[in-house]
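Hello,

Here is the structure I promised to pass on to you. Have a look at it first, and then read on for what turned up in it.

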Amino acid sequence: MNLPASFGFLLKYAPFSFLTTDVALTMLILGIETSCDETGVALYDSDQGLLSHALHSQVDLHAEYGGVVPETASRDHVRKLLPLASHCLAEAGLDRTDIDGVAYTAGPGLIGALLVGASAGRALALALGKPAIAVHHMEGHLLAPMLEPEPPAFPFVALLVSGGHSMLVEVREVGRYRVLGETLDDAAGEAFDKTAKLLDLGYPGGPALAKLAEKGNPERFDFPRPMTDRPGLDFSFSGLKTHTRNLVLAQADDDATRADIAAGFQRAVVETMAIKCRRAMKATRARQLVIAGGVGANLELRATLKREGEKHGWAVSYPRLAFCTDNGAMIAYAGCQRLLAGEHTDPVIEARARWPLDSLARPGAVSAGHTGATA
Ligand code: KG4
Ligand code: ZN
């Protein structure tokens, strides 16, 4: 989606000194994340690592509606983004003129919310005369474990499970992604959120359902393991949700039963994902599995896949809990890899609600180092 043509024209033909500068060896990157209901900002230095990060969650704002209200989300990003950026700079003891480049999430996500980060990131880069890069939100999630003290080694298989996506991806290196399987209907996080709603757990549902599941007996009710009885790496969670709805309608009139349903549902999702991960690891012969995205914060999922890793001899990595869900640090890191390789996005404000992960190229591989949000 483009901003009014005149603004795009102005940006496109303004003189940019950075377009001709040599590729830098080290860079300080400001990362901006506004794809959904969290405003995230971070400063990542290619030499020193993560210097600071800040996050504002809109949970309180959307809670009374039981889900994200897109226009409310956009307006709140407008209010919070610049103060968060100033906070990050102050925390790192830096000034905005120290920034060497700006990385912002350009998609996929809510278009209005994305445009806030894309406009602010682009404008800031323009004002500073520095390059900017449009980052794919899921590439950010996928690379988030690289921010940990012991980052995973390439190649690896990534289980990317968030509110909008469920995918298994073969990652040869940054920018070389092959989607092995994805959901045919609901994303894993969406299934958690909708099931939580059935159990009256409100929004955001995933963490609340996981908490209730801790008190329940996962064996009391039978739940299907969808699409595990046939070959393939795709997921489908909508049947599991319907199964749960029927169970809730028929049974859930006491707290213990609701906890047992939550535990059984969570176990079914986790075991289904574990089965698909085993298949993906076998098919690719990878020795490293990465779990990322909001559902990667689920402790039962982390523990189950860790056990699978020990059993089968794979290493299993995941980001710290705060970097499983949306954050600015993963965007700063992903953008830094591309900016360091000399890549940057043309000075036009663009965002994409949909953006296939495997359409990305290796950093710097796009001709003349220029990319659009659509690259
Ligand atoms: O990655 P993320 O922050 O946003 C998207 O890119 O979508 O993921 C948010 C999703 C939500 O659906 C939320 O319910 C789910 O991640 N989630 C969890 C847990 N924490 C967050 N699902 C299950 N267990 C959790 N502990
Ligand atoms: Zn996300």
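Is Thr-272 buried or exposed? With a relative accessibility of 1%, Thr-272 is buried, because that value falls under the 20% cut-off. Please keep in mind that this is a predicted model.

You will find Thr-272 in helix H9, which covers residues 255–284. A polar atom of its side chain sits 2.6 Å from the backbone oxygen of Ala-268. Beyond its neighbours within four places in sequence, Thr-272 is in contact with Arg-225, Pro-226 and Thr-228.

Met-227 belongs to the loop between H7 and helix H8 (238–251), and it is buried, with a relative accessible area of 15%. Arg-285 also has a positive phi, near 60°, and is a residue other than glycine. Its place is the loop between H9 and strand E9 (288–292). Arg-285 is exposed, because its relative accessible area of 74% is over 50%.

Now for the chain as a whole. Its secondary structure consists of 11 helices and 12 strands. A compact globule of 375 residues would have a radius of gyration near 21 Å, and the chain agrees with this at 21 Å. The C-alpha trace spans about 65 × 45 × 35 Å along its principal axes. Of the 375 residues, 52% count as buried. The accessible surface is about 16,000 Å², and carbon and sulfur atoms hold 52% of it. Among contacts with a separation of 6 or more, 72% are between residues 24 or more positions apart.

Pro-319 lies in the loop between strand E10 (315–317) and helix H11 (328–340), and it is buried, with a relative accessible area of 0%. Leaving aside neighbours within four places in sequence, its contacts include Ala-144, Glu-148, Ile-291 and Arg-302.

Then there is ligand 1. Which residues come nearest to it? Of the 17 residues around ligand 1, they are His-141, Gly-163, Asp-193, Gly-294 and Asn-298. A polar side-chain atom of His-141 is 3.0 Å from an oxygen atom of the ligand. Gly-164 places a backbone N or O atom 3.4 Å from a ligand oxygen atom. In the side chain of Asn-298, an N or O atom lies 3.0 Å from a nitrogen atom of ligand 1. On its own, ligand 1 has 560 Å² of accessible area, and the protein covers 87% of that.

H6 supplies the largest share, with 3 residues. By type, the shell holds 5 nonpolar, 10 polar and 2 charged residues.

Finally, two peptide bonds to look up. The bond joining Gly-107 and Pro-108 is cis, with omega about -15°, and Pro-108 sits in the loop between strand E4 (101–107) and helix H4 (111–128). The bond from Tyr-203 to Pro-204 is cis as well, with omega near -5°. Pro-204 is in the loop between H6 and H7.

Conventions
Residues numbered from 1 in each chain as written. Chains lettered and ligands numbered in written order. Predicted model: local features only at pLDDT ≥ 70, side-chain atom pairs only at ≥ 80, totals over all residues. Heavy atoms only, no water. Near = heavy atom within 4 Å. Polar contact = N/O pair within 3.5 Å; in protein donor to acceptor, adjacent residues only side chain to side chain. Areas by Shrake-Rupley, 256 points an atom, 1.4 Å probe, with all protein chains shown as cover. Helix = DSSP H or I, 4+ residues; strand = E, 2+ residues; numbered from the N terminus. Nonpolar A, V, L, I, M, F, W, Y, C, P; charged D, E, K, R; others polar. Rg over C-alpha atoms; globule rule 2.2 N^0.38 Å. Buried < 20%, exposed > 50% of the residue type's maximum accessible area, 1.4 Å probe, protein only. Contact = heavy atoms within 4.5 Å.
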